[in-house]
Structure formats: C-alpha cells, structure tokens
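Student: I would like to learn how to read helix packing, sheets, interfaces and domains in a multi-chain model. Can we work through one together?

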Amino acid sequence: MFRSLNDKQSQRSLVNLTINGMLVTAPQGQTVWAAMALAGETTTRLSPVTFKARSAYCAMGVCFECMVEINGMPNQQACLFEVKEGMAVRSQKITEQTSLLTSSEITPSDAISMLAENVGGHHG
Amino acid sequence: MTAIRKSDVLVIGGGIQGSSTAYHLAQRGISVVVLEKDTVSRHASGVNAGGIRLLGRNIAEVELSKAAMHMWHQLDDELDADTGFRARSLINVAADEADLNTLRSREQQMHGLGYFHEVMLDQQELRERLPHVADHCVGGVVSEQDGYAIPFHSTQAFRIAAERKGALFCEGEQVQQIRKVGDSWLVSTATQQYQAEHLVNCAGAWADLISVMIGDNVPMSYSAPMLMITARMPHFATPVVGAVSRPLSFKQFENGTVLIGGGAKGFADRANNTTRLDYSLLASGAHNAIEFFPIMKTACINRMWSGLEAYMPDNLPVIGKSVRSENAYHAFAFSAHGFQLGPVIGQVMTDLISEGSSRFDLDPFKINRYERKVL
Amino acid sequence: MADNLTAPSFNNSYDIAIIGAGPAGMSAAITATKAGARVVVLDDKPRSGGQIYRNVDASPLANSAVLGEDYLKGKQITAAFKRSAAEHICGVNVWHVGNNGEVLFSLEGETQRLTARQIIVATGAMERPFPIPGWHLPGVMSAGSAQVMLKSDGLVSDGAVFAGTGPLLYLIVAQYLRLGVKVKALVDTTPKTNYVRSMSEIAGALSASAMLIKGLGLMNEIRKSGTQVYRFADNLQVMGSDTAAGVSFCVSGNSHEIVSDHVFLHQGVIPNLNMTRALGVQHHWCEQQLCWKPTTNSWGQSSQSFVSVAGDSSGIVGADSAAAMGRICALGQLVSLGLMSEQQAVTEAAEDQRFMARQQRFRRFIDCLYRPIDQHRKPTDENTVVCRCEERTVKDLKQGFAQGGRDPNQLKSQTRCGMGPCQGRMCGHTVSELLADWRNEPVADVGYYRLRTPMRLVTLQELSRFTDVAPAVTPSIIHSTKSSSSGKGSSLEEKPQ
C-alpha cells in the first residue's frame, strides 16, 4: 500500500478529479499514477492478450504499463501526466476481445466499462 | 575458391514474388536457387499493408487477381502454414454523389466484361457492414472475397514450403555481375558464383538494376509508401476499408490494432536500405481516417514506417519474358499492389519457364511497353 | 518554476537542439549558450533535472536532505541552466528526431516542428529489464520507480522487498530507512564471484575513493538499521498468480521465501536507446556494461556527424560524468558550428576529460562488481514473460526462433515480440542476448530492433492537425494559452529577467 510523505501538501493547491468514477482530491503537480496509487486504484490496464490486471512498473515513462484512459483518450501514460481539475481517469480495458460491434448505439467508454464489469478489477 | 553452384533456375529477390516462384518451380521438380541481398521478406514483402484486394483492380489485372484470390483462400492448407489470411471483404466508401457516379460507371464497365465480384452498397447496407462509418458517407462498393494477410508470415510460408520441396535460399547474397555464356546464366556475388539455365528477376525496388544487367532497359522508379499502425482499439470494423476518391485505406486486425495506409509516399534511399517519412502526408491520411470514422479520434499511433517499392509509370507491373535475352523473365514493379498477386505470379513464372507460355494475357505487362520508334 | 507558467514561445530554427534536461542536457545547454549558440532544450518532464535530479527545485518532502547530497547538488545545475539563454520546452513528448535535423514534438496536444543544425541526444538511462518469473505482476516495480515516486510525489510503500543488485538499489533502501519507511528485506543478487573479479579493478576504483566510500556507507547504514539482508541470492522469482505475493530465491542452494505484496527490482541501468536507434546512428555492444551503446568519438559525436550523444544515453557514466560529457559535446558542436576554435575547445574540455577518465576507472569496478547474473538477464523458464506489452514468453520466442526468427527484427515480425507500445524498451536487450545464446554467436552479430517514429505514442487526432511549417529565422509565437485537454503539464520554464 502506498502512502504519501508529501509534507508540503497543504502548501499546494488541490484539484478534484475522478479515478474510475471515484472522486479524488490531489495536490497540483502530482502525477496521475501517484493519485491512482494513493487512491488504491493501482490497476492501470488489462493486458490485451490474457486480460490480466497490470500496474505501473517503471514510473518514468519507459515501460508503458501505466497506460490509462484520461478524459476518454486511451493509452495515456499515467506516470507522465499531472492531475488537472475535472480530469476523468479510468483504468484501460482494451483487450483483443473488446468490441464495439455488438451495437452501434454504445460509446467507446460505455463499452469499455461494460467489459470492465465482466472482467473484474473495476472499483468505485 | 568455392565451387560454382548450379541449378535449373536462379531467382533474384527473396520477396513474395521470388519465394512464390521458387515454391511453384520446386513443386514441379525444377531445381531453383533464390538469391536475396538482405534477408527474405526484408523489404516491401515483409512490411506492406497486407491487403488481399480484388476490388478496383485495373482491368488488365483482373484475371490474374481473381486466380490469385482463389489461391489465397486455400493457401494455408496448400503451404501447410499460417499466412495470416482472413477473408473479411473490402469496402470502398463513397463520400458523396460524385463517388457514387464513379462507382456506377465502374459497375457498368465490369458487368459489360462479365465481372460481377464488385457489388454496390447503398447507405443503409454500408452502415450495416460498417456501423461506425461517418454519417455523411452515402454508400460504397464491396468485394466479398477480399481481406488481408500478414505479409511477413505469408512470404515466410512460401519460403519454408519451397525449401521443403528442395529450393535453396541464399541470404546476404547481392548480385554483382550477370553474364550469359552459351546457354548458361552466370551470376556472381561477392563470395559465390551461380549458374542456371533460366533467370528470374523478382528484385523489387532494385529490379531495374538487374534488368539492365540482363539487357532490358525499363523506366522503373522506386518510392516509399508509408504506413502507420495504432495501439489496440476496441473492434469497430471487420471489413478492410478504402475510399472511392480519397487516399484512405485501413484494416483492423484480430488483435485490435489498426493499420492505416492509403498510398502516400515518403522518401526512399535504396542505396542505404532506408526511407524517410513525410509527416504532412501522413497527417492528411490521419485526417481522412478520422473524417470517415470518427471513432479513430481515440486512436494512438504506435509505429510509422515505409518499405521500398518499385513503380512503373502506368502503375502496372512488369510480368513476362525478357525481350533481349532468352531464358530470362521478369516479375517486378507491382506498384504497391503486388502482394495479393504473389501466389499466382509464381505459377505464371513457372509456366513461362517450363512450358514457354502462360494462360494469362501478359501483353499489358511487357517490359518494353514504353519503347517507341523514333521517327 | 513550472507552477509559474509563461506563454510558451519558441523559434523554430536553432543551432543546437538538446533532447533531455538532465545533468548532461542542462550542462550542454549552459556551455553552448555561453558561446553564443541558439539552443533549445526539450524534455518530457514538467521541470528540469532529469530522473537523477527530479523535482530538486520542487521537492514534496519537508526535508529533502534525506535524499542525499548527491541529489541536492543538482540545484546548482538547474539554477545555472535557468540563468542561461537556452530555451527550455518542458512537458513535451519528442516523438521524432530526423536525420535531417527535424524535431517533432507534442506540446499540449499539438505537434510542433523545429529544426536544428546540431542535435544532442541526452535522454539518459533506463533500468535494465529484470525478466524473471512473475516480474510482470501488479505489485512488482523497479527500484528506480520507488525513487522517482519519492522524489516527485513523496510516495512510499511500506514493507516492500527490494531485490537485485547495483548502487541504486542500496541508495533507495537507505533513503527509505532514513525516512522511517519499513523495508521488509533486501535480497542482494550480487554473486560472490563478482567480488573476486572486481578486486582486479580496485586499484582504479581507489582513485575515485570518495564515491566508493559513499557506496560502502550505504551498505553499512542498511545493515545497522536491522533490515533483513540476504546476500548472494540467485534463482530469484516473484511469487503470486494475479498479483505479487512475495519473492523466492536461493542462497547457497537453500531456498527462501519472503511474503510481501510489493517487490522492487533492480539490476543496474542501461542507455535509453530509442532516439539514437531511430536516428539510425551506429551502435555497438558493450560487454563491460552488457548493453548497446551509440558509437561516439571523444567529443560524443555519433556516426552521423551532426548528432552527439551525452550522458547515460551514450553508455552508463553517472551524473557527474554526464554533466562533463554534456559540456564536451557542446564544445564539439560549437566547433562544428564555427562558434569556437578547435584549440579553444580542446583547452576547455581538458579538465572534464581528465575527470571522465578517472571516473571511467571507477565505472569499470562498479560494472564488474554489479554485473547482473546470466539467469536474471536471459530467462530459461519457458513461461517467463519477455515482452510485457504483447505478453510473449520465452516459449513463444523459442518457437518464433525455430520458425526462422533469427534476428530481433525477424523474431519481432514472427512473434510480435517488441511490437507493443513500449517499442521494445522492456524486451530489446533480453531478445538480443537470448538470440545470441540460441545462435551461439556474439550479441554484436545478433543486433537490435530497427526502431521507427514515433518514439512515443502520438494520437491520430494530433497527427491529423499537423501541418508542416517551414523553419523561420525570426522568432514566432506559437502558443498563447496554457489550457490543455490532455492535462499534461506542458509549459516553458520561465527565465528570470
């Protein structure tokens, strides 16, 4: 379990964002990955072939394990982005079986959340 | 000094055309050696978009393409390998009334010639097949047998099947000199001499150099058609997609990645085996993809590349016998649409070598079709 | 300060473009601007410092002294860098550097283009992949990540196991302990034989004794804290099926298991190669450091004369040598640009070159002592994941090899190993070494992936909006707002006055 030693947190202004639908407050300048880790939402994505939960590995932009969906855009590296007011972060659930072809009425994020419920690992 | 290596046929170029030719020759018990200057399927045959397309072919190519398509549908069994071929149909999308008019006149022409494999789609049919196509698209045309294959796997499949039947592939062997002595072709590389009765030029973007050594001049050019592939996306398009009047072409593979092409060319440096990309052209390809499929806004590009490909001024390949030398044959300059033809080209070359003729009309593909009498 | 945003503006034609604002990049910029060169520095972090001096000017910790003197001295470089005339474009994703001097980068979701007569690649290091069973499980991270999370966000994980070898591993453990963070165990995989072999290099190391003493000090600190330390461990594996449950390993043939839901792995660092590879400069295999390196001359110049490589991206040298190398690269390029005489450059480079020569002797000792063992670099267990993105295991690669995937590119085409979003960063070295073993040939003959643009994922939408802007000689305002839909901390760092 991660915890913060951010002694200067009170000096930084706070922003509100959602992580997998859960409201989270984080200090400005914090990385999205750090906000996720502190919120206990450490599953960044599902692996595309075997549909297993994955989490950040290098935290410095190299491994691409922390790809999440930010404001509807998938494949964003959580460790390279900083939190912003109103940001919506979701664990990425695009696997080789994710399909938008069952119905033309649903949006990509609908489909992804539906899949997430089937696969598990969805919180909040 | 190493001994000269003899075979009935020497194929220059280890791409899909050369590998398919080797396969068909070996199957008929003809001994064959393939010389490849780099590695098999290193260039266009390994890195192209993998489109298996009969739709929209130049009339001159339709018979060849139909025969090739028939072969693709049984190729995995024939070669006992996984070429990655998937019949998914190919749809060219019409964006407006002008596009539909283009399709109607094409339909009339094709029907007149007795070809019925291209079928027009109205707006509703288009939407049923491509639920995520943009609202403004009015219709299209489909070819049901079309699809895609994995180029590297397909070329390797031919190579491995050919080797099983006795063909020999020599990689890292760049041709330095070609001589005709008596009835024999003598070909030398830096380290080895080869001798054969028949010589086949399948050298892709380097085929004009081989042609000159054989004795045929050819107005071939080469370029670097560019491709990009996305990170995995949710499945949104089963058919391969093109557009009637725009440079757009993409396919979503079973693993979810989307390959975007469209024919835009980068800059080729064939002496150094490298290419440079033209990002503003790729940008307009990206723009078209999003305009036709708004869901592509969420696409992220993972890799961009281009291969080295040969072109003729009329965008038709050179297929057939040499005009200046006996027992020499060409199959090159497929102008970025030769991958689908690969299986049949090997058969054509084998027919030319073993029987002296092909059942196909190869007149439009003659190497000397640009030669004119000077008055 | 990044918190104090200015309207980003930059020229789009420069004498020198430097990629990376770590010690090498910053030092190169300081030297080059002093001599009058027009310099731009691009970096993917919101603030300068690189990984080693990450957030040194904006530490989230009340007492950043726990991170050590070596960290705090980064403040001097960042201050000098900010005073320099170099333009700093931070928080950007440089996704293409062309061999025609073209640099394309994402700034707030838009691709911008600039050109430079000279390029300095200073993209630093990354941690060596640690392909052992279970290394892909959630809960397993690199030890470098622990340090980055600490520096950038003050984040720590209690009760974790640290395993592997190398100075960085001991440093982060010591930093955790100073902060009162409980460490479950340190599993040191440095083999006994390394101690014996490295003795022959000790004479060289003694000349850099200050650094050596620091290293020994760290080990002492850890031992004194009472933290459980296992030495000479091998056969390291991560336990667990869906998430990490701990590690298992052997010491002198006796197996041990330690339960923990967080494991930090480390076995040294290697150059971050994707930019130099995509640029197509020559590389060679370095047996001493077990990694690929761009081939450079004494001025850091690569096989493409306008590209120089400084710091850890040229081979692992450490922060102080990286700074020295940055200065040397800048001097070399100033000569190429006609802004400095060769004689002056030679004079000015002399001290840094002597310093680097001394450091190199120490480096040989470090490389020898902390050389990661074969079984942790070249997995033999068939189910071990090699390519994390495409989930390709040793078994998959063996099969691809049998089907004709003889070199890394053929194997990639055959199996998709290395085709995922990380662009082979996490599997490239493993693949080169595995193929060398399977072919029974030197790694140098096996080669590495051909890498292409983009160096990081770029959205199709962003590319669709890109229009080629010809380089202008006069400065132009490209951006006037700081709003960002993506939320990435993009900005130009403000220069005083």
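Student: Where should I look for a helix crossing, and what is its hand for α1(C) and α10(C)?

Tutor: A packed helix pair is described by the angle between the axes and the distance between them. This is a predicted model. In it, α1(C) passes α10(C) in a right-handed crossing. Helix α1 covers residues 23–34 of chain C, and helix α10 covers residues 319–336 of chain C. Their axes are 7 Å apart, at an angle of about 40°.

Student: Which residues of α1(C) and α10(C) make the contact?

Tutor: From α1(C), they include Pro23(C), Gly25(C), Met26(C) and Thr31(C). From α10(C), they include Ala319(C), Met325(C), Arg327(C) and Leu334(C). By class, the contact of α1(C) with α10(C) has 13 nonpolar, five polar and one charged residues.

Student: How do the axes of α1(B) and α10(B) cross?

Tutor: In chain B, helix α1 is residues 16–27 and helix α10 is residues 342–355. The axes come within 7 Å and cross at roughly 55°. That angle makes α1(B) oblique to α10(B). The crossing of α1(B) past α10(B) is right-handed.

Student: What does the contact between α1(B) and α10(B) consist of?

Tutor: Ile16(B), Ser20(B), Tyr23(B) and His24(B) are among the residues from α1(B). Gly342(B), Ile345(B), Met349(B) and Ile353(B) are among those from α10(B). The classes are seven nonpolar, eight polar and no charged residues.

Student: Now sheets. In what order do the strands of the open sheet in chain C run?

Tutor: The order is β8-β16-β10-β11-β12, five strands in chain C, with parallel pairing. At the edges stand β8 (140–142) and β12 (228–230) of chain C. Each has a single partner strand, so one side of each is left without a neighbour in the sheet. From one strand to the next, the twist averages 20°.

Student: How many bridges join β10 and β16 of chain C?

Tutor: Five bridges. Strand β10 spans residues 160–165 of chain C and β16 spans residues 263–267, and the two pair in the parallel sense. Gly164(C) stands opposite His266(C) in β16(C).

Student: On to interfaces. How many residues of chain A and chain C are in contact?

Tutor: Interface size is often quoted as the accessible area lost when the parts come together. Here we count residues in contact instead. The count is 41 residues of chain A and 41 residues of chain C.

Student: Which elements of chain A give two or more residues to the side that touches chain C?

Tutor: They are β1 (2–4), α1 (32–38), β5 (53–54), β6 (67–70) and β7 (73–77) of chain A. The largest share, three residues, comes from β1(A). By class, that side of chain A has 21 nonpolar, 12 polar and eight charged residues.

Student: In which sense does β1(A) pair with β9 of chain C?

Tutor: Antiparallel, over three bridges, with β9 covering residues 155–157 of chain C.

Student: How many residues of chain B and chain C are in contact?

Tutor: 26 residues of chain B meet 21 residues of chain C. On the chain B side, α7 (151–164), β18 (274–276), α9 (279–292) and β19 (300–306) give two or more residues. α9(B) gives the most, with eight residues. The classes on that side are 15 nonpolar, eight polar and three charged.

Student: Which strand of chain C pairs with β19(B)?

Tutor: β23(C), residues 458–459, in the antiparallel sense over two bridges. Cys300(B) has Thr459(C) as its bridge partner in β23(C).

Student: Last, domains. What is the domain assignment of chain C?

Tutor: The assignment gives domain 1 (13–126 + 271–340 + 470–492), domain 2 (129–267) and domain 3 (373–458). The C-alpha centres of domain 2 and domain 3 of chain C are 26 Å apart. Their contact takes 12 residues from domain 2 and 14 residues from domain 3. On the domain 2 side, strand β13 (residues 233–239) of chain C gives the largest share, three residues.

Methods:
Residues are numbered from 1 along each chain as its sequence is written. Chains are lettered from A and ligands numbered from 1 in the order in which they are written. This is a predicted model: local features need pLDDT of at least 70, side-chain atom pairs count only at pLDDT 80 or more; totals for chains, interfaces and linings use all residues. Two residues are in contact if their C-beta atoms, placed from the backbone, lie within 7 Å. Helices (H or I, at least four residues) and strands (E, at least two) are DSSP runs, numbered from the N terminus. Ala, Val, Leu, Ile, Met, Phe, Trp, Tyr, Cys and Pro count as nonpolar, Asp, Glu, Lys and Arg as charged, and the others, Gly among them, as polar. Two strands pair if DSSP finds at least two bridges between them. Axes are lines fitted to C-alpha atoms, for helices over the stretch in contact, and angles run from 0 to 180 degrees between N-to-C directions. Angles under 35 degrees count as roughly parallel, over 145 as roughly antiparallel, 65 to 115 as roughly perpendicular and the rest as oblique. A crossing is left-handed if the near helix is turned anticlockwise from the far one by less than a right angle, and right-handed if clockwise. Domain bounds come from an automatic or database domain assignment.
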